[in-house]
Amino acid sequence: MDVEDLLLVSALAVVAQDLSLARRMLKFSNSYVFEEGELMENLKLPAADLRRLIYKMQDYNLVSQIAVKEGDEGVKRVYWRLNKETATVFLIKKLEELKSIIERRRQEEEVNEYYVCAADPTHIRLSFDEAVSKLSEEGMTCPVCGAMLEPQPRDKVLKILDELAEVVEEALNVLKGLELA
């Protein structure tokens with residue numbers, strides 16, 4: 001698979017939220033063109049689900065309808081083309097949105113204090129305000145196991161967010177470099 005195909009599969013996977021499905025879509029297209037009914041059979045998807053996915057991809061300009069032909073017994077056959085040229089731009093846009101989300105989340109983490117279950121931090125995570133209201137209701141205890149809530153250190157979360165932001169930034173730089181080439 002060449003770089004353009006990888007970018008197209010990545011873009012389709014973002015929209016479909018399924019990498020395997022995106023790979024199969026590309027596999028069952030013929031020179032980036034597919035007929036809706038054939039793709040439905042090959043992917044084993046209900047017609048409504050496939051159409052919903054195609055229209056969502058069309059919203060992002062990842063597919064274009066190229067023909068509607070009358071088939072056997074008056075059945076319409078709809079043909080689509082995968083737009084590999086738009087995949088890079090789409091992925092850049094999505095990564096920029098993700099970068100913005102990470103930046104907002106980092107700002108929230110810096111200014112807010114959070115509390116977690118002392119026994120198992122995966123049970124619950126509450127902001128200071130939520131923890132205070134919980135304190136007045138039933139004490140600062142975990143609703144799952146009853147253990148006390150304790151402040152969550154910010155440094156660990158901030159480090160993870162910084163690492164994630166760095167990965168996203170590197171991916172953006174690579175994609176922007178490909179776009180210019």
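Select Glu 36, Leu 39, Met 40 and Leu 43 in H3, then Ala 47, Leu 50, Arg 51 and Ile 54 in H4: these two sets meet, contact being heavy atoms within 4.5 Å. By class the contact of H3 with H4 holds six nonpolar, no polar and two charged residues. Here Ala, Val, Leu, Ile, Met, Phe, Trp, Tyr, Cys and Pro count as nonpolar, Asp, Glu, Lys and Arg as charged, and the others, Gly among them, as polar.

Before moving on, note that this is a predicted model: local features need pLDDT of at least 70, side-chain atom pairs count only at pLDDT 80 or more, and totals for chains, interfaces and linings use all residues. Residues are numbered from 1 along each chain as its sequence is written, and side-chain values use heavy atoms, with hydrogens and water left out.

Now show both helices whole. H3 covers residues 36-43 and H4 residues 47-59; they pack at about 115°, axes 10 Å apart. Helices (H or I, at least four residues) and strands (E, at least two) are DSSP runs, numbered from the N terminus. Axes are lines fitted to C-alpha atoms, for helices over the stretch in contact, and angles run from 0 to 180 degrees between N-to-C directions. The crossing of H3 and H4 is right-handed, meaning that the near helix is turned clockwise from the far one by less than a right angle.

What volume does the second largest pocket have? About 190 Å³. A pocket is an open set of points on a 1 Å grid over the protein atoms alone, where a 1.4 Å probe fits, with protein on both sides within 12 Å along at least five of seven lines; lining residues have an atom within 4 Å of a point. Grid points are joined across faces, edges and corners, and volume is the space filled by probe spheres set on the points. Of the 13 lining residues, pick Glu 35, Glu 36, Gly 37, Met 40 and Lys 76, which lie nearest the centre of the second largest pocket. H3 gives the most to this lining, five residues. The lining of the second largest pocket has five nonpolar, one polar and seven charged residues.

Next, the sheet. Three strands form an open, antiparallel sheet in the order E1-E3-E2; strands pair if DSSP finds at least two bridges between them. E1 (33-35) and E2 (63-70) are the edges. The twist averages 25° from one strand to the next. Select E3 (residues 76-82): seven bridges join E2 to E3. In the five-residue link of the E2 and E3 hairpin, Glu 73 takes a positive phi near 55°.

Jump to E4 (residues 114-117). Three bridges join E4 to the antiparallel strand E5 (residues 125-127), with Tyr 114 partnered by Ser 127. E4 also pairs with E6, antiparallel, over three bridges; Cys 117 stands opposite Leu 149.

Which elements give two or more residues to the lining of the largest pocket? Strand E6 (149-151) and helix H7 (154-180). The largest pocket holds about 230 Å³ of space. H7 supplies the largest share of its lining, four residues. Select the lining, including Arg 105, Val 116, Arg 125, Glu 150 and Lys 156. By class, the lining of the largest pocket has seven nonpolar, one polar and four charged residues.
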